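Please keep the sequence and the model in view while reading.

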Amino acid sequence: MKFFGFIVIYVLSASLSSVLSRSTRIIGGTNARAGEFPFAAAVHIHTSDGQYLCGGALVNNQWVLTAAQCCEDALRFTIVLGINNLQDNGPNRLTVAAEEYILAPGYDAFTLQHDIGLIKLRMPIEYTNYIQPILLPTAPVNDYTAVVAIGWGQTSDDEAATVSDLNRVTITTLSNEECRLTYGAAIIDDMVCAEGNYNQGTCNGDSGSPLIQYALNQKATVVAVSSFFSGNGCESTDPSGFTRTYPYVDWIKSVTDIL
């Protein structure tokens, strides 16, 4: 099992040598409101060498979209839906188990290319006011678009632990040409980078969490999945990296039977 947040690959940029590290947290964000992200899934991954936390997004009543790095080598998953605080044992909480997962074709754990995966819940679930699916995109997300990143990951480089409360932060997508100024040729067309004011973005524990655009009458759409951040640290001003969802929509629909 890969250790989320560890160094993956060195790539040369025009001005510096950066490192792609698996994304695990939200930096510079605020706590989400109750019910604000009813599709948010906390994905606890059980492996032969420990337990790890990722994020995910419910796409229908039996499938969670996440990063491939969060699925690879997993023995089983415990997925929590319906709540923002992971310590909340109230009536809105739903905890479900899963073992089956499918990785996107071509996933490369070294380069993080095609870093997207699906987890199948053992049984279909019932929707509530606090548990709802997110929409899949009908077009690629545009450059320089306001989007929202969420997650239960670290909130600073000094605090290694993930957090109990779901965090959110508004950031802006970049062009891939601009992103390559930091990460070089490691950035392929199926990736997208985003940055906020100063150092806002993702970090350890946020891998697999959705990047959200409010389009189509302000309904939430998962335009990308959190994948990596700079080896310079989560609090560096380097942009956060994501896997675009749109190139995989047909694959997602074929696996999940979404119409």
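A186 lies in the loop between α1 (176–183) and β14 (191–195); helices (H or I, at least four residues) and strands (E, at least two) are DSSP runs, numbered from the N terminus. The model is a predicted one, in which local features need pLDDT of at least 70, side-chain atom pairs count only at pLDDT 80 or more, and totals for chains, interfaces and linings use all residues. Residues are numbered from 1 along each chain as its sequence is written, and side-chain values use heavy atoms, with hydrogens and water left out.

Because its relative accessible area is 12%, A186 counts as buried; buried means under 20% relative accessible area, exposed over 50%, and partly exposed in between (1.4 Å probe, protein chains only). Its C-alpha atom is separated by 8.8 Å from that of L112, 74 residues apart along the chain.

The next topic is the nonpolar core, a set of buried Ala, Val, Leu, Ile, Met, Phe, Trp, Tyr and Cys residues joined through side-chain atoms within 4.5 Å. The largest such core has 52 residues, of which F37, F39, V43, F77 and I79 touch the most other members. Strand β6 (residues 50–60) gives the most to this core, namely 6 residues. Apart from it lies another core, of 12 residues, including L174, Y183, M191 and F228.

V43 belongs to strand β5 (residues 40–47) and is buried, since its relative accessibility is 0%. Beyond its neighbours within four places in sequence, V43 is in contact (heavy atoms within 4.5 Å) with residues including Y52, L53, V64, F77, I79 and I119. Between the C-alpha atoms of V43 and G208, 165 residues apart along the chain, the separation is 8.7 Å.
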